[in-house]
Amino acid sequence: MTIKVRGIEFQSNLDNSMGLKFYNLSHRFGYQSPNWPYFEDVKIERIHYMAKSGVLSQRITTSMHNTTHIDAPAHVVQGTPFIDEVPLPHFFGSGLVVSIPKKKWEPITYDDLEAAAGRAVRPGDVVIVNTGYHHIYDDSEDYFLRAPGFVPSAADWFIEKKVKVVGHDTQANDHPLATAIGPHGIGPIIKHVDLQKEYFEWSGGRDWKDDFPEWEPVHRKLFKAGILGIENVGGDLDAVTGKRVTFAFFPWNWDRGDGCIIRLVAIVDPSQDYRIERGEAF
């Protein structure tokens, strides 16, 4: 089946000559795309445009930690690989999309992962966790400041299961209060709300420094184990949740890159008729 996009015919994501189904699991990138609270906004300039030059050419200024992206280990752990140094098999492979619904500030733990996928996960899998938070992805305090998130026991589960890549539909590989949004690093970076007081009331009287004593411990555990992390997963995530699929998400070949915006795609082959080429001479 073909579809028309601005008058040009293309094969469709779900009905094409290969017999494969392609699901976009990435949020949009562009003008005013939701951004980590202390990053500079994305800038897009048209250097050439049709009325001026008869051609469109654009210049982009952005952090690579905007929208759906993958972190290189070097993003957090000094002396570890940059994105161009990670071998290509780590950006492609089979895996699971796991449903673990969570609400404000709730932790994603070892036990949550074991209950959701312990009998299905395989060594070398890509595991994407759907908490439901991709539905509120926006320039939003609730999404960036009050999301659920992985705690260190979750990292232990991924390492124990020999997972290759971890992804999720929240703002960081760690719980937001284990980042600079909380009491760590340069945090708390959000000055117009008293998150410490809000957490004290939400938790029934616990101090956030007691519950989140380390800065980005999940990032550090995963990266030191060679496990990459995909943040801000979204798009058609619900359509493949609970399924085993094939993922592709190649970053730029960026020398000394700390991460990269990606087009995360889940691929399904219902007929099992499609095969990757053997590399035979022609």
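1. In this predicted model, a polar atom of the T67 side chain lies 2.9 Å from the backbone oxygen of R28. A polar contact is a pair of N or O atoms within 3.5 Å; within protein, one must be able to donate a hydrogen and the other to accept it, and residues adjacent in sequence count only if both atoms are side-chain atoms.

2. T67 sits in the loop that joins β5 (57-61) to β6 (69-71). Its relative accessible area is 2%, so T67 is buried (under 20% relative accessible area, 1.4 Å probe, protein chains only). Leaving out residues up to four places away in sequence, T67 touches H27, R28, F29, P34, Y137, E231, N232 and I261 (heavy atoms within 4.5 Å).

3. The chain has eight helices and 15 strands (DSSP runs, H or I of at least four residues for helices, E of at least two for strands, numbered from the N terminus). With a radius of gyration of 20 Å, close to the 19 Å of the globule rule for 282 residues, the chain is as compact as a globular protein of that length (C-alpha atoms; the rule is 2.2 Å times the number of residues to the power 0.38).

4. Of the 282 residues in the chain, 46% are buried. Among contacts with a separation of 6 or more, 74% are between residues 24 or more positions apart.

5. Local features need pLDDT of at least 70 and side-chain atom pairs pLDDT 80 or more, while totals for chains, interfaces and linings use all residues. Residues are numbered from 1 along each chain as its sequence is written, and side-chain values use heavy atoms, without hydrogens and water.

Conventions
Buried means under 20% relative accessible area, exposed over 50%, partly exposed in between (1.4 Å probe, protein chains only).
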